[in-house]
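I opened this notebook to keep track of what I looked up, entry by entry, in a structure that was new to me. The entries follow the order in which I went through it.

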Amino acid sequence: MALSDEPAAGGPEEEAEDETLAFGAALEAFGESAETRALLGRLREVHGGGAEREVALERFRVIMDKYQEQPHLLDPHLEWMMNLLLDIVQDQTSPASLVHLAFKFLYIITKVRGYKTFLRLFPHEVADVEPVLDLVTIQNPKDHEAWETRYMLLLWLSVTCLIPFDFSRLDGNLLTQPGQARMSIMDRILQIAESYLIVSDKARDAAAVLVSRFITRPDVKQSKMAEFLDWSLCNLARSSFQTMQGVITMDGTLQALAQIFKHGKREDCLPYAATVLRCLDGCRLPESNQTLLRKLGVKLVQRLGLTFLKPKVAAWRYQRGCRSLAANLQLLTQGQSEQKPLILTEDDDEDDDVPEGVERVIEQLLVGLKDKDTVVRWSAAKGIGRMAGRLPRALADDVVGSVLDCFSFQETDKAWHGGCLALAELGRRGLLLPSRLVDVVAVILKALTYDEKRGACSVGTNVRDAACYVCWAFARAYEPQELKPFVTAISSALVIAAVFDRDINCRRAASAAFQENVGRQGTFPHGIDILTTADYFAVGNRSNCFLVIRVIRELAARALHNLAQQAPEFSATQVFPRLLSMTLSPDLHMRHGSILACAEVAYALYKLAAQENRPVTDHLDEQAVQGLKQIHQQLYDRQLYRGLGGQLMRQAVCVLIEKLSLSKMPFRGDTVIDGWQWLINDTLRHLHLISSHSRQQMKDAAVSALAALCSEYYMKEPGEADPAIQEELITQYLAELRNPEEMTRCGFSLALGALPGFLLKGRLQQVLTGLRAVTHTSPEDVSFAESRRDGLKAIARICQTVGVKAGAPDEAVCGENVSQIYCALLGCMDDYTTDSRGDVGTWVRKAAMTSLMDLTLLLARSQPELIEAHTCERIMCCVAQQASEKIDRFRAHAASVFLTLLHFDSPPIPHVPHRGELEKLFPRSDVASVNWSAPSQAFPRITQLLGLPTYRYHVLLGLVVSLGGLTESTIRHSTQSLFEYMKGIQSDPQALGSFSGTLLQIFEDNLLNERVSVPLLKTLDHVLTHGCFDIFTTEEDHPFAVKLLALCKKEIKNSKDIQKLLSGIAVFCEMVQFPGDVRRQALLQLCLLLCHRFPLIRKTTASQVYETLLTYSDVVGADVLDEVVTVLSDTAWDAELAVVREQRNRLCDLLGVPRPQLVPQPGAC
């Protein structure tokens, strides 16, 4: 389980919720053995540098990284891999670059498997000492490209230090020449180790390992240990953690000291322990901001403490006995349990004096439990466990008491976390005796619910996670009879944490701890049943725990709703009064959660009462009902609807209004209804003041509350509204539709759509007229896309509410008003508004499509004769156009609407154009299997509609926009699909002529419409380049080419749009393949562009004309082609216009087109 140190911010964690499951233990063996052998065998060929070397390195990293979680699979292969690499290293002819590369590969293996396992495989004979030492000596510590070489060599040297021979035997005669002494091997190794302890790369870690192996040798410790420790303590005293070099020096020195006191014999290290501890105190490491230094300080302190104490196993510790899970389960199946009496023997050394330094060590470890970083607290916890195992029973119990002091509410969450880790370590080692469990379990239960607010967020996730770890450790440490008194409390707390904790790590940790207790203890009630429902993976998804993925407090309220149905009496008498008392809490979040919970519990009790045809007041007493009624007024009087917290209060009370209305509370005619109505109206009127991320939620809550309120309290007689209320509501809401604030229009549009049918009766035409005005785009409100979207949703919802009824235009949808409704909906299908948020018109078009579908299906079920042929045709064509456009999710929605209308058969939609052909193209059996959001599946199918004349214009218009889009996959698949279609009609002149006419019609209809014209020019470039209209090039001045040229000239005239001009250049270049006047006019346009005001346009034109003339060699005579090409390629077209114009005119003469004449500017002298 994760020991997270991150604060719980209470924000969205859905990305974490939806993470994929980790496939642990998925591999069975090292499957890349042959590839790795070949890779290592090629090192001599690729070591020289360049791409091959990097590719080999990267491939080896990828192979090794696969085994990060199962490194043991590499063990059978480590020896041959190391031999292949060491052969390169030990080969005297190997160049330095090859040696460094071999060590890089060795380091990658070490990183995955760990140096402790890998170290044993290094050659460590006597003959290896000097060669390795010589290799280390010649390394340059400042060479940052070869740090892996130094790291591996120092590790190798540390292994050679284990040879069982005195190093002095290897020195021979140290006097090489008279008066000159050679340094001994012992001194050389020590000098190298000391020099690498203060470097800034990873070689520092290997140097610490080397020192621990070297200094603790029997022959070295006598002569060098005191000297080295003196050097180390001087380094610590001189260094400061305020400087970078000081941090590096202290890091290496502390690592070395910790390793020495870990691996050295106690009798060798004990004389120096007190001195080292005093020096460490003087370093003031707890004040450092460097996490690693504080961790190493704690590590060294605990090693010093263990040196002070004799190594022994505490005789007084708790021993569970058999810890095999399989054995426990076997005993359970046999109906037996292992009942071994706990024998607590007196400590034989109870009277031994505890050394003086031990108290200081434990004090520092207890301080380390409260450190701000998890790694330091974890190290301190392990130190506490190790030290307590060597202390007498009384002193160890004092340590436990000091750890329990961490669980004070005056302490920070860091202290609670460290205390949990320490308790888990003590329990795991049998040092937490059963007599202490009463105190320990009490604080652990508090830790399982620990949550502390810090401003807008809260902390405590790490504490709750660590508390679960304690429960997990206790399950393995104690006999079932020891934990039996606490089973109910622990199991309940773990289930609550597993189901209701807001953090995924805590839920999973609680589930794992519960599972461990079920397996190890066997005393948890309903353990298997609970685990089956709330296993480790199930609780990882918040929706499985809280029913609906929304805000935590809302989810908790829904959970209370479900619990109330299981225990109504308890909920009504115990839970509800407590919730009511918290609705006026000074804490905003508690107030918010309690109001939501009141709403949900009241509604749950109503549903129980309704099953027996009883009122909700049979469950809730008069005091509870009055308490619910007063919530709104109390919040209003205290002005709690204002300020930053007002958003939460408004949303919560809107939910309360909805649930109480649905619960049929006896408030009809009460003044509280006016208060509720005011809150809803005020919230809708001021939606623009609410933060954007919660605006939609607020709007939905207010509209839902209004619908429930009106349905329950505004009906005078069945099916009849109170005339005064109806007049006031409708008039007020229609007036708000003209509000200059877009969000206000949105809110009241949806409010009108949510009104029940009896309130719309007699006012339907008036309401629809107001909403149609909202959906209309005018220059003043062109950017109000959201209000148009919500207006469309309101119209569709009203139609569903009032239904269809002949001859009643003010009460229902009928022949008199259906055409106006369709006109409003279809008018919004052309909304392509864009702003800084992008294509916001998408929202409007999507709502329009959905509304058209809902209305059409409604009419088809009741009065299909109201669906006219031209209306149905327009609907299907507009939806088909949207299904061929570029936005994936929008295209999928359009396709869904199109196929729903096509395949609806209750009864079928009348007047669908080409129904028979459509059902063959889109069979009902393929509807579910096609992913319309995938361009590769959508465009090949939608382009088949180009063969149906009714749909051709609209589908081609959508395809044109897709072809000229920005997404590579959309462009590729839409282009391929269009080319496939055009390839199929090449032999059909009539079909090709019809297609080209439609293309020109789209161009003409959208002239100077940037959204269509620029993609259309790109589309024309594509189809002309691929020879889709080659059949037209055989005819001089073909009508298609003539009209296309004219439209292109109009489109780019006086344009300053770079993209449009670049696309126009490409089209003009392709049009030179059409013979006759079209070619001359196209060349003339290109010559004009060669003197355009933008240098980029001039250069691009020259480049593309150059390529075009080489492609279509018959455009220019062979006698002038070379000269034309030379002028195009040699002229600096980004030079001054006067220079460029001269070359352009020369080209005009060569190409046989008239020279363009300068047009004098109006008003020029």
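**Entry 1: helices α34 and α36**

I began with helix α34 (residues 692-713) and helix α36 (residues 742-754), whose axes come within 9 Å and cross at roughly 30°. The model is a predicted one, in which local features need pLDDT of at least 70 and side-chain atom pairs count only at pLDDT 80 or more, while totals for chains, interfaces and linings use all residues. Residues are numbered from 1 along each chain as its sequence is written, and side-chain values use heavy atoms, with hydrogens and water left out.

For my own reference, helices (H or I, at least four residues) and strands (E, at least two) are DSSP runs numbered from the N terminus. Axes are lines fitted to C-alpha atoms, for helices over the stretch in contact, and angles run from 0 to 180 degrees between N-to-C directions. Angles under 35 degrees count as roughly parallel, over 145 as roughly antiparallel, 65 to 115 as roughly perpendicular and the rest as oblique, and α34 and α36 are therefore roughly parallel to each other.

In the contact (heavy atoms within 4.5 Å), α34 supplies R695, K699, V703, L706 and A707, and α36 supplies M743, C746, G747, L750, A751 and A754. I sorted these residues into eight nonpolar, one polar and two charged, where Ala, Val, Leu, Ile, Met, Phe, Trp, Tyr, Cys and Pro count as nonpolar, Asp, Glu, Lys and Arg as charged, and the others, Gly among them, as polar.

**Entry 2: helices α10 and α12**

Helix α10 (residues 185-196) packs with helix α12 (residues 218-238) at an angle of about 30°, and their axes are 12 Å apart. That angle makes α10 roughly parallel to α12, and α10 passes α12 in a right-handed crossing. I found M186, D187, L190 and E194 of α10 meeting D219, V220, S223, K224, E227, F228 and W231 of α12, a contact with five nonpolar, one polar and five charged residues.

**Entry 3: helices α50 and α51**

Next I looked at helix α50 (residues 1039-1052) and helix α51 (residues 1058-1070), which pack at about 160° with axes 10 Å apart, and are therefore roughly antiparallel to each other. Here α50 passes α51 in a left-handed crossing. L1045, C1048, K1049, E1051 and I1052 of α50 meet K1060, L1061, G1064, V1067 and F1068 of α51, and by class I listed six nonpolar, one polar and three charged residues.

**Entry 4: two loops**

In the loop between α43 (888-903) and α44 (915-921) I found P907, which a cis peptide bond joins to S906, with omega about -5°. In the loop between α48 (989-1005) and α49 (1010-1025) I found L1008, a residue other than glycine with a positive phi, near 65°.

**Entry 5: lining of the largest cavity**

Which residues line the largest cavity? I wrote down L1083, L1086, C1087, L1090, V1105, L1109, V1124, L1128, L1147 and L1151; a cavity is a set of points, on a 1 Å grid over the protein atoms alone, where a 1.4 Å probe fits but cannot get out, and lining residues have an atom within 4 Å of a point. The lining divides into 10 nonpolar, no polar and no charged residues, and α52 gives the most to it, with three residues.

Technical notes
On a 1 Å grid over the protein atoms alone, a cavity is a set of points where a 1.4 Å probe fits but cannot get out, and a pocket is an open set with protein on both sides within 12 Å along at least five of seven lines; lining residues have an atom within 4 Å of a point. A crossing is left-handed if the near helix is turned anticlockwise from the far one by less than a right angle, and right-handed if clockwise.
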